[in-house]
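Student: Can we go through this protein chain together? I would like to start with the overall picture and then look at single residues.

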Amino acid sequence: MLLPYYEVHEGDGPPLLMVHGILSSRAQWRDNLDALKSFSSPVVVELFGHGRSPAPRDVNCYLPDYYVGVFESIRGALGVDQWLVLGYSLGSGLTMRYCLAHPERVIAQAITNSTSSLAEAAQTTQFRDNADKVIERYEAGGIAAIEEIPVHPKHAKRLPTHVYEELIEDCARLDPGGVARTIVYTNGHSSVRDVIDKNQVPVLLLCGEKEKRFEPFKAFAMQNIPSLEVVNLPAGHAVNAEAPEGFNREIAAFFSGQLARD
């Protein structure tokens, strides 16, 4: 199995799988790692086509179920029976899917605002129905076309300067074909809306309350995800970077509490 790039940060506790969102990288977590190492050992994964990861042409590598296998392979390589899990944005859909597939391997999970992971069926088909055109567009347009995507970090307005600068630096590593396949095959298949009511793992939603478009998705999550806790923080989509002190405090309290029960 082809694995994406990942790095382990030794800390005071079990491994914590961390998966970023589209057009992001390990830089997403810059202001969180030290706090997370106080109770865990962060395992930072970069998506295919992002950061230091390869960008395979095989579309199967971008499917959410393939990432489930990737995460399980990483866990096995670390030699642990259980770990903690954290997903950001698109990464939340991937980590929730992993927790649904392997609940016995997860102590607890945390997620952030993620419309893609809770999208209705009609919302998930727009890119899949035009897969070849989407891939052709971004491969032909290159980095310039990628920079036009509204969620590209260059358009962010609330990020701390040092996080913004590192994300922009990593954006130069983005592979246009890999990004396009992520849009079509990862984002386009990432919704767990129809099965999330089967969740068996304690889950914390760290919600950036300034992102108003997420409000109906948060309401759905509160009504349909078992064992869910919600914490609202004064931030937008990039809640962990925009409100790092609150994010670090709340995730430490949640995961530490779950570890004490384990």
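Tutor: We will take the whole chain, then its cores, then a few residues.
Tutor: This is a predicted model, in which local features need pLDDT of at least 70, side-chain atom pairs count only at pLDDT 80 or more, and totals for chains, interfaces and linings use all residues. Residues are numbered from 1 along each chain as its sequence is written, and side-chain values use heavy atoms, with hydrogens and water left out.

Student: How many helices and strands does the protein chain have?
Tutor: The protein chain has ten helices and seven strands. These are DSSP runs numbered from the N terminus, with at least four residues of H or I for a helix and at least two of E for a strand.

Student: How many residues are in the largest nonpolar core?
Tutor: That core has 37 residues, and F71 and Y138 have the most contacts inside it. A nonpolar core is a set of buried Ala, Val, Leu, Ile, Met, Phe, Trp, Tyr and Cys residues joined through side-chain atoms within 4.5 Å.

Student: Which elements supply at least two residues of this core?
Tutor: The strands are β2 (15–19), β3 (41–45) and β4 (83–87), and the helices are α2 (64–78), α3 (90–101), α5 (131–147) and α7 (176–186). Apart from this core lies another, of 31 residues, among them W29, L206, F247 and F255.

Student: Back to Y138. What does Y138 touch?
Tutor: Not counting residues up to four places away in sequence, Y138 touches A145, I146, I149, P176, A180 and I183. Contact means heavy atoms within 4.5 Å.

Student: Where is V134, and is V134 buried or exposed?
Tutor: V134 is in helix α5 and is buried, at 10% relative accessible area. V134 and A180 are 46 residues apart along the chain, yet their C-alpha atoms are separated by 6.4 Å.

Student: What about I74, buried or exposed?
Tutor: I74, in helix α2, is buried, with a relative accessible area of 0%. Leaving aside neighbours within four places in sequence, I74 is in contact with Y6, V43, V45 and W83. The C-alpha atoms of I74 and V45 are separated by 9.6 Å.

Student: Why do such residues end up inside?
Tutor: In soluble globular proteins, nonpolar side chains tend to be buried together.

Student: New topic. Which loop holds L23?
Tutor: L23 lies in the loop between β2 and α1 (33–36). L23 has a positive phi of about 65 degrees although it is not a glycine, and at 2% relative accessibility L23 counts as buried.

Student: And where does S227 lie?
Tutor: S227 lies in the loop between α8 (215–224) and β7 (228–233). Phi of S227 is also positive, near 60 degrees, but S227 is partly exposed, with a relative accessible area of 48%.

Key
Buried means under 20% relative accessible area, exposed over 50%, partly exposed in between (1.4 Å probe, protein chains only).
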